[in-house]
Amino acid sequence: MMLEIKNLHARLADGREILKGVDLSVGDGEVHAIMGPNGSGKSTLAAVLAGRDGYEVTEGSVTYRGRDLFAMAADERAREGVFLAFQYPVEIPGVNNMYFLRAALNAQRRHRGEPELDAGQFLRVVRQKLKLLDIADDLLQRAVNVGFSGGEKKRNEVFQMAVLEPRLAILDETDSGLDIDALRVVARGVNGLRTPDRSIVLITHYKRLLDYIEPDHVHVLQDGRIVQSGGKELAAELERRGYGTFGEQPEVAASA
Amino acid sequence: MSASLETQQTIRSLSDEGYKYGFVTDIESDSAPPGLDEDTVRFISAKKGEPEWLLEWRLAAFRAWREMPEPEWAKVEFPPIDYQAASYYSAPRQQATPKSLDEVDPELLRTYEKLGIPLREREILAGVAVDAVFDSVSVATTFKGQLAELGIIFCSFGEAVKEHPELVKKYLGTVVPQNDNFYAALNSAVFSDGSFAYIPPGVRCPMELSTYFRINARNSGQFERTLLIADKGAYVSYLEGCTAPQRDENQLHAAVVELIAHEDAQIKYSTVQNWYPGDAEGKGGIYNFVTKRGACRGARAKISWTQVETGSAITWKYPSCLLEGDDSVGEFYSVAITNNRQQADTGTKMIHIGRNTSSTIISKGISAGRGQNTYRGLVRVQPRAQGARNYTQCDSLLIGDRCGAHTVPYIEIRNPSAKVEHEATTSKISEDQLFYCRQRGLSDEDALSLIVNGFCKEVLKELPMEFAVEAQKLLAVSLEGSVG
């Protein structure tokens with residue numbers, strides 16, 4: 001089992017409880033979509049899994065490949081293969097994208113007892129992945145996310161995922177802010193990374209992404225709990241009926 | 001490339017060592033008794049076998065100094081210094097000037113080894129000429145032969161006084177007058193030794209000139225004097241780096257550096273400053289009160305200062321450019337880090353005197369712990385400086401919530417055609433940035449080092465390669481323990 005979340009409760013520093021008993025099992029090679037309206041706790045779930053500061057887990061457990069996820073610091077989780085594609089990728093001025101990614105990859109390789117890649121070897125790895133995501137070479141030489149368009153930032157996240165080859169990838173609203181062409185490219189990238197030993201959790205507001213990345217399971221997160229799970233047909237149902245069915249006003253999906 | 005991977009890897013090994021250069025070499029000093037009066041000045045001058053004119057020059061400086069108040073305008077705090085308590089001369093005991101390394105005291109050579117300056121290896125591998133200053137007297141100078149063939153003079157200041165008195169007399173004090181300021185006047189009265197370089201017309205110095213400073217004897221203070229002249233069309237790149245042993249008393253370091261660039265000449269002066277900053281409470285660090293100034297004497301002359309200031313309890317330093325020649329260029333690139341109780345008040349002065357002169361100032365201040373970091377800069381455009389241009393960028397980075405960053409730019413424009421731009425930013429190192437790096441697998445320290453090196457990139461890229469690597473190590477070590 002890749003990921004087993006049991007009765008997860010988490011709150012913010014100000015005491016507000018956001019996750020109120022999440023249960024979720026993600027098997028090896030599975031793609032799960034977590035859908036839900038704004039404020040349902042989707043991004044909090046991603047943040048808690050990745051180990052961001054500012055959240056307190058008050059109850060429940062998360063087991064990642066048989067290990068207690070919360071026993072690991074954020075950087076250790078990453079080196080163990082947990083990847084988060086950020087909803088808002090962060091700018092790091094003065095640090096070139098390529099250098100950043102090589103430092104990250106080598107940190108992970110060291111952790112696994114593999115030899116580090118020098119600049120030349122790294123470049124060969126990177127070249128293959130660039131094609132997958134339609135990324136221009138010059139993006140590598142620019143500072144991390146600085147001056148990137150919204151679409152470039154999201155593509156860069158998936159590109160990093162392609163290079164780092166995680167076991168568990170959590171994509172937090174990777175589709176938001178993308179036009180249809182960019183969405184296709186990102187989806188193609190993610191689809192290209194589907195393997196039997198890699199699991200993907202897609203967090204999204206809209207069904208649109210799921211037209212391009214077909215999930216094995218769809219879950220509806222609402223008010224800090226998973227209120228319904230099903231196959232990909234659940235997404236279509238949501239599209240028709242809106243989240244209102246589950247106690248909220250319908251979202252206008254067409255605005256995307 | 002902003003930071004090498006090797007650097008990332010050495011951070012952890014360095015971080016456990018504390019101040020690795022904190023050791024004291026056991027060498028008997030030939031020291032002056034503590035105190036400072038005219039006799040002390042005479043003692044120093046006699047000890048160094050100086051000519052009468054230089055003694056008179058020192059005495060004039062001393063008399064000026066006696067009348068001057070200590071400057072109090074800088075944003076630094078420290079208990080009053082008892083100038084009569086220090087000893088103003090200390091030299092390692094040596095029989096005569098060594099002709100080769102074989103004649104140098106083996107104890108000194110071992111000190112260099114600990115500092116990572118194996119002269120022999122450097123001589124062979126690095127192609128860097130090192131004028132190593134141990135305490136106050138230069139003990140070894142390398143590559144002299146090679147340089148001499150090109151007519152380049154690179155030697156200790158004391159030697160220059162003996163061998164090239166006409167050059168010293170012609171230039172000494174012409175950029176930083178004896179009575180320029182309190183610390184410069186003190187230096188002028190009691191300076192011990194330092195470096196001298198002269199690059200003849202049209203000669204491009206084929207190697208980086210480098211000097212290593214080191215404070216050794218207890219309470220001796222260091223009053224280095226550097227004089228660097230690039231004659232018409234000459235080019236030189238000069239590196240200066242310092243480490244100092246651990247101390248309990250505060251130690252005063254008041255150096256003076258004078259640069260002269262003639263017509264079409266170019267001087268690049270790079271410093272990595274790593275004086276002992278004191279312990280976490282600021283106890284025992286070096287006071288680094290330095291006057292550095294360069295004059296672009298001729299048309300199209302260019303002087304670039306690049307500094308990475310990580311050490312010292314207190315830094316008071318404003319490497320400046322007098323842009324006298326038409327179309328001359330001044331540059332100042334600076335990274336200053338203050339951690340724990342360190343204080344830095346540093347910046348530059350760009351004085352535009354000639355026509356179409358231009359200057360660039362890039363200052364990066366990083367504050368962590370309870371560090372206080374002040375950028376203080378002056379851009380002055382004189383009436384005759386038609387078409388003068390300046391671009392200033394001052395960025396401050398805060399780590400934690402107990403440190404401070406201050407920016408004090410002075411701009412004086414007396415010519416309406418001048419174009420002066422000033423940009424300043426202050427940012428806090430963000431949790432988001434750190435988390436982003438950690439989510440990709442980087443440790444806390446590596447994440448911080450990466451972000452800080454990125455912040456300083458525009459300055460670090462101005463350093464010669466071998467210095468850039470050392471500078472990155474220093475940044476990491478200096479900020480050790482400031483996050484997490």
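User: Which residue of β12(A) does A:Q222 stand opposite?

Analyst: In this predicted model, β11(A) and β12(A) run antiparallel and are joined by five bridges. Within that pairing, the residue of β12(A) that stands opposite A:Q222 is A:R225.

User: Which residue in the turn between β11(A) and β12(A) has a positive phi?

Analyst: The two strands form a hairpin, with two residues between them. In that turn, a positive phi of about 50 degrees belongs to A:D223.

User: What is the strand order of the open sheet of six strands in chain A?

Analyst: The pairing in this sheet is mixed, and its twist averages 20 degrees from one strand to the next. Its edge strands, each pairing on one side only, are β6 (82-85) and β12 (225-230) of chain A. Read across the sheet, the order is β6-β9-β10-β3-β11-β12.

User: How do β3(A) and β11(A) run, parallel or antiparallel, and which residue of β11(A) is opposite A:A33?

Analyst: Strand β3 (residues 31-35) of chain A is joined to strand β11 (residues 217-222) of chain A by four bridges, and the two run parallel. The residue of β11(A) that stands opposite A:A33 is A:V218.

User: At what angle to β9(A) does helix α1 of chain A run?

Analyst: Helix α1 (residues 42-50) of chain A lies across β3, β6, β9 (168-172), β10 (199-204) and β11 of that chain. Relative to β9(A), the helix runs at about 145 degrees.

User: In the open sheet of four strands in chain A, which are the edge strands?

Analyst: This sheet has antiparallel pairing and the order β2-β1-β4-β5. Strand β1 (residues 3-12) of chain A pairs with β2(A) over seven bridges, and A:I5 has A:L24 in β2(A) as its bridge partner. The strands that pair on one side only, and hence form the edges, are β2 (17-26) and β5 (67-68).

User: What radius of gyration does chain A have?

Analyst: Chain A has eight helices and twelve strands, and its C-alpha atoms fill a box of roughly 55 × 40 × 35 Å along the principal axes. Because a compact globule with 256 residues would have a radius of gyration near 18 Å, the value for chain A agrees with that expectation, being 18 Å.

User: Which helix of chain B supplies the largest share of the side that touches chain A?

Analyst: The contact between the chains takes 21 residues from chain B and 24 residues from chain A. On the side of chain B, α1 (5-15), α10 and α11 each supply at least two residues, and the residues of that side divide into eight nonpolar, seven polar and six charged. The largest share, seven residues, comes from α10(B).

User: Why is α10(B) described as oblique to α11(B), and what is the handedness of their crossing?

Analyst: Helix α10 (residues 431-439) and helix α11 (residues 444-455) of chain B pack at an angle of about 120 degrees, with their axes 9 Å apart. Angles of 65 to 115 degrees count as roughly perpendicular and those over 145 as roughly antiparallel, so α10(B) is oblique to α11(B). The contact includes B:Q433 and B:L434 of α10(B) and B:D444 and B:A447 of α11(B), and the crossing is right-handed.

User: How is α2(B) oriented relative to α3(B)?

Analyst: Helix α2 (residues 38-47) of chain B packs with α3(B) at an angle of about 150 degrees, the axes lying 10 Å apart, and their crossing is right-handed. Among the residues in the contact are B:E38 and B:V41 of α2(B) and B:L54 and B:R58 of α3(B). An angle over 145 degrees counts as roughly antiparallel, and therefore α2(B) is, relative to α3(B), roughly antiparallel.

User: How many nonpolar residues are in the contact of α3(B) with α9(B)?

Analyst: Helix α3 (residues 52-67) and helix α9 (residues 182-190) of chain B pack at an angle of about 145 degrees, with their axes 7 Å apart, and α3(B) passes α9(B) in a left-handed crossing. Residues B:R58, B:A61, B:F62, B:A64 and B:W65 in α3(B) meet B:F182, B:A185, B:L186, B:S188 and B:A189 in α9(B). Besides one polar and one charged residue, the number of nonpolar residues in this contact is eight.

Definitions and conventions. Residues numbered from 1 in each chain as written. Chains lettered and ligands numbered in written order. Predicted model: local features only at pLDDT ≥ 70, side-chain atom pairs only at ≥ 80, totals over all residues. Axes fitted to C-alpha atoms, helices over the stretch in contact; angles between N-to-C directions. Parallel < 35°, antiparallel > 145°, perpendicular 65-115°, else oblique. Left-handed = near helix turned anticlockwise from the far one by under 90°. Contact = placed C-beta atoms within 7 Å. Nonpolar A, V, L, I, M, F, W, Y, C, P; charged D, E, K, R; others polar. Pairing = 2+ DSSP bridges. Rg over C-alpha atoms; globule rule 2.2 N^0.38 Å.
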